Amino acid sequence: MHFTSEQRLDDGVLEREFTLGEIPGTLWTPQSAAPAPLILMAHNNGLPKGSARLVARARQSAACGYAVATIDAVGCGDRPRSAADEQARADLRRAMQAGEPVDEIFESLIGPLVDGAVPEWRTTLDALLALPEIGGPVGYSGWTAVGIRLAVSEPRIAAAGFFAGGFVPRAQREEARQVTVPLLFLLQWDDEGNPRQRALDLFDAFASKEKTLHANLGGHTGTPWFEVEDGNRFFGRHLR
């Protein structure tokens with residue numbers, strides 16, 4: 001892991017950009033000298049790691065005493081995309097403009113993104129846990145499809161917060177039955193692009209003995225800020 005830049009923010013959080021092979025990422029760590037528990041924070045459906053909403057969430061969590069890391073995994077953010085990815089994105093734009101069904105296009109786009117992203121998240125986790133300022137345990141927050149695969153395949157994930165707004169491929173909907181970690185699931189009740197019943201069915205499928213659903217009125221990007229604060233309390237129960 002090679003740190004390429006760092007800055008101390010107004011709230012005392014240290015923000016550092018890093019590269020790990022071809023993987024670009026950002027790490028936020030609190031002022032405390034004690035090793036901090038870690039939250040992996042992923043954005044939905046290939047959005048860039050520098051998206052404003054993700055950065056705001058990461059800084060808030062770091063100010064509360066967590067180390068927070070995000071990456072642009074393969075095919076995400078500014079990283080190169082395959083010809084198949086580009087074609088799927090073009091097909092998606094065309095179908096949405098025409099009001100046509102988009103589930104199968106999402107399957108062809110999001111499925112490969114998950115398959116490529118999870119190994120890079122696990123590689124990043126290995127490197128992060130080798131840093132002296134990070135002590136574990138590990139939580140995950142963000143993109144549901146990647147989170148399901150990580151929660152099933154990565155035993156170091158101790159708790160997870162999922163956002164119901166991102167498309168979840170059929171493979172991950174089946175894998176949801178194997179998720180057993182404590183879970184916080186955030187649902188926007190009026191999300192125009194994600195059927196409410198599908199999200200409720202997914203919540204039902206999770207095998208976690210402790211799982212909580214928070215539903216708020218509003219569209220896709222309308223998750224209230226207090227859910228970030230509630231999320232930090234959730235991780236406080238399971239990562240400290």
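These notebook entries record what I looked up in a predicted model of one protein.

**Entry 1. Aromatic pairs**

I began with the aromatic rings and searched the whole structure, which gave 7 aromatic pairs. I then examined F185 and F203, whose rings are stacked, with 6.0 Å centre to centre and 15° between the planes. The label follows because planes under 30 degrees apart count as stacked. F185 belongs to strand 8 (residues 183-188) and F203 to helix 6 (residues 196-205), so this pair ties together parts that are 18 residues apart in sequence. I noted that F185 is buried and that F203 is buried as well.

I turned next to F234 and F235. Their ring centres lie 5.2 Å apart and their planes stand at 65°, so I recorded the pair as edge-to-face. Both F234 and F235 are buried.

Which residues do ring pairs link into a cluster? I listed Y140, F162, F185, F203 and F206.

**Entry 2. Charges over rings**

I looked for charged side chains over ring faces. K211 lies over the face of F203, 5.0 Å from the ring centre. At Y66, I found the charged end of R240 over the ring, 4.3 Å from its centre.

**Entry 3. Helix 7**

I checked the length of helix 7 (residues 226-239). With 14 residues at 1.5 Å a residue, helix 7 should span 20 Å, and its end C-alpha atoms are 20 Å apart, which agrees.

Which residues of helix 7 are buried? I recorded E227, V228, G231, N232, F234, F235 and L239. These residues cover an arc of only 160° around the axis, so they lie on the same side of helix 7. I also asked what covers the buried residues of helix 7. The cover includes strand 4 (36-42), helix 1 (52-63), strand 6 (134-143), strand 7 (157-163), strand 8 and strand 9 (211-216).

**Entry 4. Salt bridges**

How many salt bridges does a search of the whole structure find? The search finds 18. I followed some of them individually.

The side chains of E133 and R16 meet in a salt bridge at 2.7 Å, N to O. E133 lies in the loop between helix 3 (103-129) and strand 6, while R16 lies in strand 2 (residues 14-20), so the pair ties together parts that are 117 residues apart in sequence. I noted E133 as partly exposed, with a relative accessible area of 24%, and R16 as buried, at 9% relative accessibility.

I then took E22 and R79, whose side chains meet in a salt bridge at 3.9 Å, N to O. E22 sits in the loop between strand 2 and strand 3 (23-29) and R79 in the loop between strand 5 (67-71) and helix 2 (83-98), so the pair ties together parts that are 57 residues apart in sequence. Is E22 buried or exposed? At 67% relative accessibility, E22 counts as exposed, whereas R79, at 11%, counts as buried.

My next pair was R173 and E107, with a salt bridge of 3.5 Å, N to O. This pair links distant parts of the chain, with R173 in helix 5 (residues 170-175) and E107 in helix 3, 66 residues apart. R173 is partly exposed, with a relative accessible area of 25%; E107 is buried, with a relative accessible area of 15%.

Methods:
Residues numbered from 1 in each chain as written. Predicted model: local features only at pLDDT ≥ 70, side-chain atom pairs only at ≥ 80, totals over all residues. Heavy atoms only, no water. Phe/Tyr/Trp six-rings, centres within 6.5 Å; stacked < 30°, edge-to-face > 60°. Helix = DSSP H or I, 4+ residues; strand = E, 2+ residues; numbered from the N terminus. Buried < 20%, exposed > 50% of the residue type's maximum accessible area, 1.4 Å probe, protein only. Lys NZ or Arg CZ within 6 Å of the ring centre and 35° of its normal. Expected span 1.5 Å × (residues − 1). Arc of directions from axis to C-beta. Contact = heavy atoms within 4.5 Å. Salt bridge = Lys/Arg side-chain N within 4 Å of Asp/Glu carboxyl O.
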